[in-house]
Amino acid sequence: MPDSLSLHLTFTELVFLYRVCGPCLAFGIGDPYLGKLANEIEAMDETAHESLLARDLIREANDRTEIALDEALAGIMQT
């Protein structure tokens with residue numbers, strides 16, 4: 001049986017991760033921010049950020065100006 005890793009992310013969490021460390025363009029996922037106001041985008045990002053922190057998938061560094069990814073999550077984001 002091959003090694004495998006499964007990770008469940010909400011759509012907002014995935015988009016947040018793409019925005020902070022992923023590609024500038026991700027085909028097939030749409031733009032959840034289209035038509036949103038800046039404060040709505042910030043609220044969506046904060047919700048995703050807090051959810052990922054609570055699940056220990058990211059850690060904060062340098063007074064919340066940087067995040068560090070869980071090793072498994074970083075591996076997935078690199079593919």
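Here is a tour in a few stops, from the whole chain down to single residues.

**Stop one: the whole chain.** Keep in mind that this is a predicted model. Colour the protein chain by pLDDT: the average is 81, and 82% of the residues score at least 70. Now select helix 2, which has the highest mean pLDDT of the chain's elements, at 92. Helix 3 (residues 71–78) has the lowest, at 76.

**Stop two: the core.** Which residues make up the largest nonpolar core? Select Phe16, Leu17, Ala48, Leu52, Leu57, Ile58, Leu73 and Met77, and you have its 8 residues. In soluble globular proteins, nonpolar side chains tend to be buried together.

Pick out Ala48 from this group: setting aside neighbours within four places in sequence, its contacts are Thr12, Glu13 and Phe16.

**Stop three: Asp45.** Go to helix 2 (residues 38–54) and find Asp45 there. Is Asp45 buried or exposed? It counts as buried, because its relative accessibility is 12%, under the 20% cut-off. Beyond neighbours within four places in sequence, Asp45 touches Phe16, Arg19 and Tyr33.

**Stop four: Glu60.** Next, select strand 1 (residues 58–61), where Glu60 sits. With a relative accessibility of 36%, Glu60 counts as partly exposed. Show its contacts, again leaving out neighbours within four places in sequence, and you will find His49, Leu53 and Glu66. Finish by drawing a C-alpha to C-alpha distance from Glu60 to His49: the two are 9.7 Å apart in space and 11 residues apart in sequence.

Key: Residues numbered from 1 in each chain as written. Predicted model: local features only at pLDDT ≥ 70, side-chain atom pairs only at ≥ 80, totals over all residues. Heavy atoms only, no water. Helix = DSSP H or I, 4+ residues; strand = E, 2+ residues; numbered from the N terminus. Buried < 20%, exposed > 50% of the residue type's maximum accessible area, 1.4 Å probe, protein only. Contact = heavy atoms within 4.5 Å. pLDDT = per-residue confidence, 0-100. Core = buried A, V, L, I, M, F, W, Y, C linked by side-chain atoms within 4.5 Å.
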